[in-house]
Amino acid sequence: SKAEMGHTCRGTINLATANITVEDSCNFIISNGGAQTYHLKASSEVERQRWVTALELAKAKAVKMLEESDDSGDESVSQTDKTELQSTLRILSSKVEDLSTCNDLIAKHGTALQRSLSELEALRLPPDSTEKIKQVNERATLFRITSNAMINACRDFMLLAQTHGKKWQKSLQQERDQRIRLEETLEQLAKQHNHLERAFRGATVLPAITPGTGGSGKDLCCPAKGDLSDEDDDNNEFFDAPEIFPVPDIMGHKRTGSNISGTSSDISLDEQYKHPVEDTRKEKRTRIPYKPNYSLNLWSIMKNCIGKELSKIPMPVNFNEPLSMLQRLTEDLEYHELLDRAARCESSLEQLCYVAAFTVSSYSTTVFRTSKPFNPLLGETFELDRLEENGYRSLCEQVSHHPPAAAHHADSKNGWTLRQEIKITSKFRGKYLSIMPLGTIHCVFHSSGNHYTWKKVTTTVHNIIVGKLWIDQSGEIEIVNHKTGDKCILKFVPYSYFSRDVARKVTGEVMDPSGKLHFALLGTWDEKMDCYKVQLGTGDNGAEARPRAHEAEDSRVLLWKRNPLPKHAENMYYFSELALTLNAPENGTAPTDSRWRPDQRLMENGRWDEANVEKQRLEEKQRLSRKRREAEAARATEDGTPYDPYKPLWFERKKDPVTQELAHVYKGGYWESKEKQDWSLCPDIF
């Protein structure tokens, strides 16, 4: 119950996205597909079935509620809606007054009618007419009794409506006043915190840090390892968390300052960074236009988002980075050479170590990346053809809009295939933002036939309102080799103020099907991963096996180390070398490719006001397309004619034979269409 939440709750799982599976006669499992898994045991099989049935019913209800909230639309309550609400309340009030008037009239006319009938009965009339008058009198009496009952009910309703109406109005007004006070307090707190941060930085005497050299200072706002990157310089005020300044209008940003690197910025951003259409086989670009220093009232937007699904809230581009979610998904391939090395391994257990390192490496780019990527439009695609340079090519497609879901397929001539379908769910909780990627990642090695699967952990963005934004990853990843039964458990340790452990720590254990431990993994998700061969201790059981210090150091192998960020990365959204190349224009790509997305391109070129206008146009266009599809589906249902729902162009939904999950799998045809330059099937989304 909600009353217990404060003192006995050990955690929660959202039922709408939970997986409920029966283990045996008394045990069952509830999992959210990533960070949390609860193993529950009932006293008997009947008791277990009662629980499972109750949870399944609650899950169905939660899914229905989620769908209803989806149908409610993306828009927040507008001023028109508020006016309409006030108008309805006024009409309701006038109707109650009308009811009161009718009440009085019925009572008055009813009494008059009764009096007239009594007078009529007293007159001397023929016998047959007396009988008729008696009948009318009886009916009038019945009518009076019914009317009196209705009058009493109306009076009770009126009294109740008037009494409680005043109470509700008073309560509503109090809630409004309280909310306004809270908003003002928080905004004031944020401003004070900002002044304190600046005062602290001004008062603290630090040794001069030249660009490109590491700093040893720590930022108190983010007491975690790596707060000052090797690329940070004295201008760190620019790339701090979005600072809060009241501005009159969200879309009407004031341009403040020039190029923060200190160089002249007389030339417009467009002219300064005109990129020709890039050929994939030529030299890749190493820079993008620097991020403009726009001031923004962060709280004015975020205060309306608490507890909501973030993908359904229209946000200005000021919160974004100039890449889409499809491009962020492609960034998982930055350390593709780990899979190349894994493909060459003869031992499946050693191969699993490299797969685990690849899994961890996909989080290394997130450490400073506090901006959100663009939500892809339905049908949007992104290709990355690195067949000649790196031996792989990759394709992503947005296959669903609500909930947002993207399918990804990558093939390498070095002997591996990676595929995934990720649904992103996110909730803003006031102080922090939780991002939960749902879906399974598959990696198959061609020569051995080893098939690995795993899921992603939860990402949390802290200090949304006050302080410097920082990111943490937490939860467990279980990587399973479905051919051999080998398993690796990776634990992402959440950051704690009270822990002496190194920040962003990841530990892992690689076991064979019997549970015997063969390798121990240790490192951090933002720097490197090491592997230690486990020497068996006193017993042959893996649980008793612990590597002795000197033996562990002798067997240590560096699996992965993070590439350094490019020079001046702090001015370019902290993009890695790969990320800088992803949005470079390329000839021959599909018209639905993220590189052609106009609002993203305008944002990259520093024209944020135009980007916001363009973003609204694209969202409205997508909304109209969705409504058109819904209308067609409704019409088909009424007419009884078959209707084809929306289907992705390059992926199809199939049941996975390994995980038994329904997922979008690449059906082929994209690279052939690119070769022919036949994009006739592509929808017009931009």
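In what order do the strands of the open sheet of 3 strands run, and is their pairing parallel or antiparallel? The order is S1-S2-S3, and the pairing is antiparallel. Strand S1 (19–22) and strand S3 (37–41) stand at the edges. Each has a single partner strand, so one side of each is left without a neighbour in the sheet. From one strand to the next, the twist averages 20°. The model shown here is predicted.

Look at the S1 side of this sheet. S1 pairs with strand S2 (residues 27–31) in the antiparallel sense, over 4 bridges. Take Thr 21 as an example: its bridge partner in S2 is Ile 29.

Now turn to the charged side chains. Side chains of opposite charge can pair when their charged atoms come close. The count here comes to 28 salt bridges.

Start with Arg 597 and Glu 380. Their side chains meet in a salt bridge, at 3.2 Å from N to O. Arg 597 lies in the loop between helix H11 (577–582) and helix H12 (598–604). Glu 380 lies in the loop between strand S5 (372–374) and strand S6 (381–386). The pair therefore ties together parts that are 217 residues apart in sequence. Is Arg 597 buried or exposed? Arg 597 counts as buried, because its relative accessibility is 2%, under the 20% cut-off. Glu 380 is buried too, with a relative accessible area of 0%.

Next, find Asp 530 and Arg 556. They form a salt bridge whose closest N and O atoms are 3.2 Å apart. Asp 530 sits in strand S18 (residues 528–533). Arg 556 sits in the loop between helix H10 (549–554) and strand S19 (557–561). This pair ties together parts that are 26 residues apart in sequence. Asp 530 is buried, with a relative accessible area of 5%, whereas Arg 556 counts as partly exposed at 35% relative accessibility.

Arg 623 and Glu 620 meet through their side chains in a salt bridge of 2.9 Å, N to O. Both belong to helix H13 (residues 608–639). They are 3 residues apart, so about one helical turn separates them. Arg 623 is buried, with a relative accessible area of 11%. Glu 620 counts as partly exposed, at 36% relative accessibility.

Which residues are linked in a network of salt bridges? Glu 321, Arg 328, Glu 331 and Arg 369 are linked in this way.

How values were computed: Residues are numbered from 1 along each chain as its sequence is written. This is a predicted model: local features need pLDDT of at least 70, side-chain atom pairs count only at pLDDT 80 or more; totals for chains, interfaces and linings use all residues. Side-chain values use heavy atoms; hydrogens and water are left out. Two strands pair if DSSP finds at least two bridges between them. Helices (H or I, at least four residues) and strands (E, at least two) are DSSP runs, numbered from the N terminus. Axes are lines fitted to C-alpha atoms, for helices over the stretch in contact, and angles run from 0 to 180 degrees between N-to-C directions. A salt bridge is a side-chain nitrogen of Lys or Arg within 4 Å of a carboxyl oxygen of Asp or Glu. Buried means under 20% relative accessible area, exposed over 50%, partly exposed in between (1.4 Å probe, protein chains only).
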